[in-house]
Amino acid sequence: MANISTEFFPEVPGPIGFGGLDSSDPLSFKVYDPDRLVLGKSMAEHLRIAVCYWHSFNWAGSDVFGEGTFDRPWLDPAAEPMRAAHAKLDAAFEFFAKLGVPYFCFHDIDIAPQGDTFAESARNLEVIVEAAEKAMAATGVKLLWGTANLFSHPRFAAGAATNPDPEVFAYAAAQVRHMMEITHRLGGENYVLWGGREGYETLLNTDLAREETQLARFLTLVAEHKRDIGFEGTLLLEPKPQEPTKHQYDYDSATVHGFLERHGLAGEYKVNIEGNHATLAGHSFHHEVTYAVDHGIFGSVDANRGDPQNGWDTDQFPNSVEELSLVLFEILRGGGFDTGGFNFDTKLRRQSLDRHDLFHGHIGGIDALAQALLVAARLHEEATLSSARADRYADWDGPLGRAITGGEATLASLAELVDDGSIDPAPRSGRQELLENRVNQAIWRS
Ligand code: XUL
Ligand code: CO
């Protein structure tokens with residue numbers, strides 16, 4: 001097994017440098033140049049890239065039909081669990097530092113083995129967190145967010161907060177409390193809750209209203225605990241419509257937003273939007289980000305892509321500059337990330353067996369984001385989309401529009417204007433094709 005003194009990626013000197021578009025070195029960035037200024041901020045500051053621990057270091061490449069294919073010696077079931085956890089941590093921090101990214105993200109059970117009791121799991125976690133703290137200090141890699149895994153263990157099969165058994169709620173509370181405190185201790189900038197099994201398999205045995213109340217209660221306790229411990233990061237909910245449950249309550253950004261408003265939690269939580277989850281919800285990534293920005297709940301992004309043909313949660317590395325340009329355009333429109341960033345919640349394909357493949361996946365995804373940032377900045381500078389939107393709604397700033405939105409107009413007063421013939425609207429072009437061409441032009445020129 002890899003140990004503390006052995007490099008896991010010995011052939012990669014790192015950190016990965018900027019090579020430019022003509023570089024033939026696959027282990028170089030073609031577009032991402034961390035210090036390059038775009039709209040007055042460096043690329044690194046705009047994108048705030050994070051690597052996820054779970055898919056990259058805690059997953060052996062298994063799928064529902066087959067076992068792990070990857071070379072991850074610390075995942076060998078015969079390995080002594082704590083030694084394996086240390087070896088995994090060393091390889092992970094070696095990777096983060098060699099890739100040259102500022103952040104990582106993890107679940108409690110990604111980094112430390114679960115014990116026979118909660119107390120033993122907690123002790124294991126404390127030991128590895130202490131090692132993580134040292135590795136963070138040595139490499140300068142920071143924590144974008146922490147989270148608790150409330151979905152893998154069989155106790156969570158019927159949900160965590162939404163479980164019919166309040167003891168499971170209590171167990172989840174203990175786990176989240178510990179991970180929030182660890183996230184705080186490590187200087188994490190956000191804390192994420194993905195409701196992996198907060199949903200149902202069948203309505204035949206499910207009390208929807210009760211489960212919603214339980215979830216709201218749980219999230220209220222989390223918000224209170226955040227204040228109690230003085231954690232100043234952002235609490236984030238990660239929408240996903242289904243998988244693993246047939247239906248998940250945090251379906252999409254709009255559903256989460258409505259839930260927060262209904263339960264007095266608006267302002268306490270923002271969303272962590274995942275590209276692949278948008279696809280599963282039947283939305284575009286662009287839609288999910290735009291909804292969140294426009295409703296003041298945009299927090300962070302899990303950057304990846306799904307497969308639009310088969311609808312699976314494939315968690316592939318993002319590679320569509322066209323898709324990401326629109327996402328970044330909306331993020332810039334909202335003023336950019338605050339505490340959030342782009343976390344690579346991404347999996348290699350099972351046949352990507354070489355250790356270098358983990359670099360290739362991340363390098364390609366980061367370059368696609370960097371190129372998308374350039375396109376988005378151009379769209380902003382040229383005001384292409386913003387002026388088209390402003391023109392389209394301009395009449396809402398005129399006397400009629402203001403009377404309607406300001407509340408002076410009534411149905412009767414509006415009907416009178418239509419009756420006497422002073423209102424007879426002519427349809428106007430939405431100019432979609434023109435705008436699509438403008439976006440493509442920005443892509444081709446950036
Ligand atoms: C699952 C998923 C999770 C969350 C963190 O689809 O995206 O990895 O990001 O629990
Ligand atoms: Co995710």
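Buried, in this talk, means under 20% relative accessible area, exposed means over 50%, and partly exposed is in between, with a 1.4 Å probe and protein chains only as cover. By that rule Arg-123 is exposed, because its relative accessible area is 54%. Arg-123 sits in helix 5, residues 118–139. Helices here are DSSP runs of H or I with at least four residues, strands are runs of E with at least two, and both are numbered from the N terminus.

Some housekeeping. This is a predicted model, where local features need pLDDT of at least 70 and side-chain atom pairs count only at pLDDT 80 or more, while totals for chains, interfaces and linings use all residues. Residues are numbered from 1 along each chain as its sequence is written, chains are lettered from A and ligands numbered from 1 in the order in which they are written, and side-chain values use heavy atoms, with hydrogens and water left out.

Now the overall picture. The protein has 16 helices and 14 strands. Its radius of gyration is 24 Å, close to the 22 Å from the globule rule for 446 residues, so the protein is as compact as a globular protein of that length. That radius is taken over C-alpha atoms, and the rule is 2.2 Å times the number of residues to the power 0.38. The C-alpha trace spans about 85 × 60 × 45 Å along its principal axes. Of the 446 residues, 50% are buried. The accessible surface is about 20,900 Å², and carbon and sulfur atoms account for 52% of that. Areas come from the Shrake-Rupley method with a 1.4 Å probe; for residues, only the protein chains shown count as cover. A contact means heavy atoms within 4.5 Å. Among contacts between residues at least 6 apart in sequence, 77% join residues at least 24 apart.

Next, the ligand. Which residues are around ligand 1? They are Trp-54, His-107, Trp-145, Phe-151, Trp-194, Glu-238, Lys-240, Glu-274, His-277, Asp-302, Asp-313 and Asp-345. The criterion is a heavy atom within 4 Å of the molecule. By class, this shell has 4 nonpolar, 2 polar and 6 charged residues. Nonpolar covers Ala, Val, Leu, Ile, Met, Phe, Trp, Tyr, Cys and Pro; charged covers Asp, Glu, Lys and Arg; the others, Gly among them, are polar.

For Glu-238 the distance is 2.7 Å, for Asp-345 it is 2.8 Å, and for Asp-302 it is 2.9 Å. The protein covers 94% of the 300 Å² of accessible area that ligand 1 has on its own.

Is Gln-316 buried or exposed? Gln-316 counts as buried, at 16% relative accessibility. Its side chain makes a polar contact with the side chain of Thr-314 at 3.0 Å. A polar contact is a pair of N or O atoms within 3.5 Å; within protein, one must be able to donate a hydrogen and the other to accept it, and residues adjacent in sequence count only if both atoms are side-chain atoms. Leaving out residues up to four places away in sequence, Gln-316 touches Asn-304, Arg-305, Asp-307, Thr-346, Lys-347 and Arg-349.

Asp-307 is in the loop between strand 13 and helix 11. A polar atom of its side chain lies 2.7 Å from the backbone nitrogen of Gln-309, and one lies 3.1 Å from the backbone nitrogen of Asn-310. Asp-307 and Thr-279 are 28 residues apart in sequence and 8.0 Å apart in space, C-alpha to C-alpha.

Last, backbone geometry. Most residues other than glycine have a negative phi, and most peptide bonds are trans. Asp-315, in the loop between strand 13 and helix 11, has a positive phi near 50 degrees and is buried, with a relative accessible area of 4%. Glu-243 has a positive phi of about 75 degrees and is partly exposed at 36%. The peptide bond from Glu-243 to Pro-244 is cis, with omega near 15 degrees. Another cis bond joins Gly-14 and Pro-15, with omega about -10 degrees. Pro-15 is in the segment before strand 1, residues 17–18.
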